[in-house]
Amino acid sequence: MSKSLRLSEKWFRRGLWLVALVFAGFLIGLGGTIVGDLPKVETPLRVDDFLDKPAADKLRAQVKEARQAEQDAQTALEQAQLQRSKARSEMQAERETFNNWLATRSATQRADQDPEVLARTRALDALKPVERKAQQVVEQQQQAALDARQGAAAAQQRLSKLEADGYVKMQAELRKVELRVFLYRLALTLPLLAIAGWLFVKKRKGTYWPFVWGFIFFALFAFFVELVPYLPSYGGYVRYVVGIGVTAVVGRYAILALNRYLERQKLAETLPDQERRKELSYDVALARLAKSVCPGCERPVDLKNEKIDFCPHCGIGLFDHCGVCSTRKSAFAKFCHACGTGANVGPRPTQAAPSA
């Protein structure tokens, strides 16, 4: 059809399509913001909302106390181990000193040093209880740390089981929330799709068609792009059912439109030639002729064959002759291409020859 349009009209139409796309872009941005904010309608869920609060608080307190006791026991254990290391070092140093002194005593064989041997032996024996006591303190702190660690693990295990049950309940509620949010989105986008369908059927060729097409683009984007990713899965059944439903609706509309078109074509082909021409707009007729099809029935016709003046399929006139210059021209042309005479101007009257 673009071949039959004026140059300025082509650019105006392109500009209007740009207006339609820009209008659709702004509507899509607004719709995306609204659809994205719809989940905020629902209250955010937390696992604590699905737990036995007193039992959960008690277990958390037990875990906290056990962790603190374990930390305190670990700190005390480190101190006890330090004291044990110190006692062992003192015991080891005293034993080495004593052994060195005994070696010297055996070499000199001096009897006057026997009281010194006894005194050093008693001092060495006095360090052994200190070392044993330090070892006992270390063992006590190890036991305390172990008890605290086991207590914290047991309390944490009970708390984890309680929270696991809460997570199961929360997931079930989240699925319900997801379904409700989807229904909110569907309630918003489905009417838009219905309005777009009505506009496509009734208003797509009206004066304000750029805004109509912009709204149609927006509605299609909102339904098939912004809504589809939020469809609940349920094993894919919902997606398939929605796809089948949309395909059925579109297919039914296409079939009915095709049948109506064929009925109109059959009815038009029974009308007289002049009435059929009145039903065809100038631009539509030129567009179909440019595609080498009959403007009336849209079947292929060899327009280059100068012997064909009528459509062999429906009988509508395709070519006639200028009433002034008798040039063969398109029957749908408004003016003769040879002399510029209007298509409705009849032949010039024949002048009488002058009398002799």
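## Helix α7

Ser292, with a positive phi near 60°, follows α7. The helix spans residues 282-290, and its buried residues are Ala285, Ala287, Arg288 and Leu289; buried means under 20% relative accessible area, exposed over 50% and partly exposed in between, with a 1.4 Å probe and protein chains only. These buried residues pack against β2 (328-330), where contact means heavy atoms within 4.5 Å. Helices (H or I, at least four residues) and strands (E, at least two) are DSSP runs, numbered from the N terminus.

## Basis of the model

This is a predicted model, in which local features need pLDDT of at least 70 and side-chain atom pairs count only at pLDDT 80 or more, while totals for chains, interfaces and linings use all residues. Residues are numbered from 1 along each chain as its sequence is written, and side-chain values use heavy atoms, with hydrogens and water left out.

## Aromatic pairs

The structure holds eight aromatic pairs. Rings of Phe, Tyr and Trp (its six-membered ring) pair if their centres lie within 6.5 Å; planes under 30 degrees apart count as stacked, over 60 as edge-to-face and the rest as tilted.

Trp17 and Trp213 form a tilted pair, 5.8 Å centre to centre with 50° between the planes. Trp17 lies in helix α1 (residues 7-37) and Trp213 in helix α4 (residues 209-227), so the pair ties together parts 196 residues apart in sequence. Trp17 counts as partly exposed at 36% relative accessibility, and Trp213 as buried at 19%.

## Charges over rings

The charged end of Arg204 sits over the ring of Phe200, 4.4 Å from its centre. The criterion is NZ of Lys or CZ of Arg within 6 Å of the ring centre and within 35 degrees of the ring normal. Likewise, the charged end of Arg328 sits over the Phe319 ring, 3.9 Å from its centre.
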